[in-house]
Amino acid sequence: MSRAALVTGASFAWLLAGEGHPLLLVARREDRLQDLAAELRATHGVRCEVFAADLTDPDTPARATDYATAQGLDIEVLINNAALSGNDTFANTPWPTLAAEIQLMITAVTELAHRVAPGMKERGWGRIVNVSSLAAFAPPAESLLYTGIKSYVLHMSQALDMELRRDGINVTALCPGFTRSAFHDVMGTRDILNDAERKAQDRQNNNNQTDQINNATH
């Protein structure tokens with residue numbers, strides 16, 4: 001039996017479609033979602049529904065899960081992957097921008113899990129994957145809200161897994177490292193990523209040259 005999956009951010013859609021899951025894709029850009037859905041249907045022959053909405057809108061989690069119900073999709077896999085991050089300091093960022101970040105990566109993540117969990121419990125099976133980050137393990141530092149938010153996602157996921165595992169529901173926090181993705185294009189941090197990679201490569205080259213010199217003199 002194919003288990004329907006609700007995916008925010010759409011990055012995991014190809015993997016799930018390849019496993020035969022019917023999909024509900026939730027993200028802002030309807031044109032991109034429709035193009036992706038068409039590709040997934042053509043390539044994998046799966047059902048792929050689209051719900052174009054902004055998860056920074058507090059009404060979106062309820063509307064998305066209501067849409068799933070109306071389409072006859074019992075959500076048994078939830079992938080919370082939508083994200084954003086500011087590029088200015090906390091004090092210099094307008095409150096609506098910070099509120100949107102919290103809504104998207106804390107409130108919406110938690111509400112979607114809360115809305116699908118009862119059905120998963122009733123069916124005795126469910127999988128929830130919340131995308132956190134290695135930043136969740138970083139020590140506190142002067143920075144944006146991103147590290148604190150990802151720490152919340154990690155610990156919330158662990159707590160839910162402890163509660164729901166007895167009902168056949170596994171909750172996982174995925175904690176990737178610094179990853180090259182469209183996220184950096186949207187947030188305008190691609191240049192920062194490229195600069196960090198160049199500096200890392202320069203350090204590696206310098207270390208290699210030092211090792212060569214040391215080996216030659218011994």
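Colleague: What does "buried" mean for a residue?

Modeller: A residue is called buried when its relative accessible area is under 20%. In this predicted model, buried residues make up 38% of the 218 residues in the protein.

Colleague: How many helices and strands are there, and in what pattern do they follow one another along the sequence?

Modeller: The protein has seven helices and six strands. Going along the sequence, the pattern is β-α-β-α-β-α-β-α-β-α-β-α-α.

Colleague: What share of the contacts joins residues 24 or more positions apart?

Modeller: Begin with the contacts whose separation is 6 or more; residues 24 or more positions apart account for 63% of these.

Colleague: Next, helix packing. At what angle do helix 4 and helix 5 pack?

Modeller: Two numbers describe such a packing: an angle and a distance between axes. Helix 4 covers residues 95–123 and helix 5 covers residues 146–164; their angle is about 10° and their axes are 10 Å apart. Angles under 35 degrees count as roughly parallel, and therefore helix 4 and helix 5 are roughly parallel to each other.

Colleague: Which residues of helix 4 meet which residues of helix 5?

Modeller: On the helix 4 side they are Glu101, Met105, Ile106, Val109, Thr110, Ala113, Ala117 and Lys121. On the helix 5 side they are Tyr146, Ile149, Lys150, Tyr152, Val153, Met156, Leu160 and Leu164. Sorted by class, this contact of helix 4 with helix 5 has twelve nonpolar, one polar and three charged residues.

Colleague: Now the rings. How many aromatic pairs does the structure hold?

Modeller: The structure holds one aromatic pair. Its members are Phe51 and Tyr67, with 5.3 Å from centre to centre and 40° between the planes, and the pair is tilted.

Colleague: Which parts of the chain does the pair tie together?

Modeller: Phe51 lies in strand 3 (residues 48–52) and Tyr67 in helix 3 (residues 60–70), so the pair ties together parts that are 16 residues apart in sequence.

Colleague: Are Phe51 and Tyr67 buried or partly exposed?

Modeller: Phe51 has 10% relative accessibility and counts as buried. Tyr67, at 23%, counts as partly exposed.

Colleague: Let us read single residues. Where does Val131 lie, and which residues does Val131 contact?

Modeller: Val131 belongs to strand 5 (residues 126–131). With a relative accessible area of 12%, Val131 is buried. Apart from neighbours within four places in sequence, Val131 is in contact with Phe12, Asn80, Asn81, Lys150, Val153, Leu174 and Pro176. Take Lys150: the C-alpha atoms of Val131 and Lys150 are separated by 8.2 Å, and the two residues are 19 residues apart along the chain.

Colleague: Where is the place of Ala136, and which residues does Ala136 touch?

Modeller: Ala136 is in the loop between strand 5 and helix 5. Ala136 is buried, with a relative accessible area of 9%. Not counting residues up to four places away in sequence, Ala136 touches Thr147, Lys150, Ser151 and Leu154. Between the C-alpha atoms of Ala136 and Thr147 the separation is 5.6 Å, for eleven residues along the chain.

Colleague: The last one is Arg123. Where does Arg123 lie, and what is Arg123 in contact with?

Modeller: Arg123 is in helix 4. Its relative accessible area is 35%, so Arg123 is partly exposed. Beyond neighbours within four places in sequence, Arg123 is in contact with Asp74, Ile75 and Glu76. Arg123 and Gly168 are 45 residues apart in sequence, with 8.7 Å in space from C-alpha to C-alpha.

Methods. Residues are numbered from 1 along each chain as its sequence is written. This is a predicted model: local features need pLDDT of at least 70, side-chain atom pairs count only at pLDDT 80 or more; totals for chains, interfaces and linings use all residues. Side-chain values use heavy atoms; hydrogens and water are left out. Rings of Phe, Tyr and Trp (its six-membered ring) pair if their centres lie within 6.5 Å; planes under 30 degrees apart count as stacked, over 60 as edge-to-face and the rest as tilted. Helices (H or I, at least four residues) and strands (E, at least two) are DSSP runs, numbered from the N terminus. Buried means under 20% relative accessible area, exposed over 50%, partly exposed in between (1.4 Å probe, protein chains only). Axes are lines fitted to C-alpha atoms, for helices over the stretch in contact, and angles run from 0 to 180 degrees between N-to-C directions. Angles under 35 degrees count as roughly parallel, over 145 as roughly antiparallel, 65 to 115 as roughly perpendicular and the rest as oblique. Contact means heavy atoms within 4.5 Å. Ala, Val, Leu, Ile, Met, Phe, Trp, Tyr, Cys and Pro count as nonpolar, Asp, Glu, Lys and Arg as charged, and the others, Gly among them, as polar.
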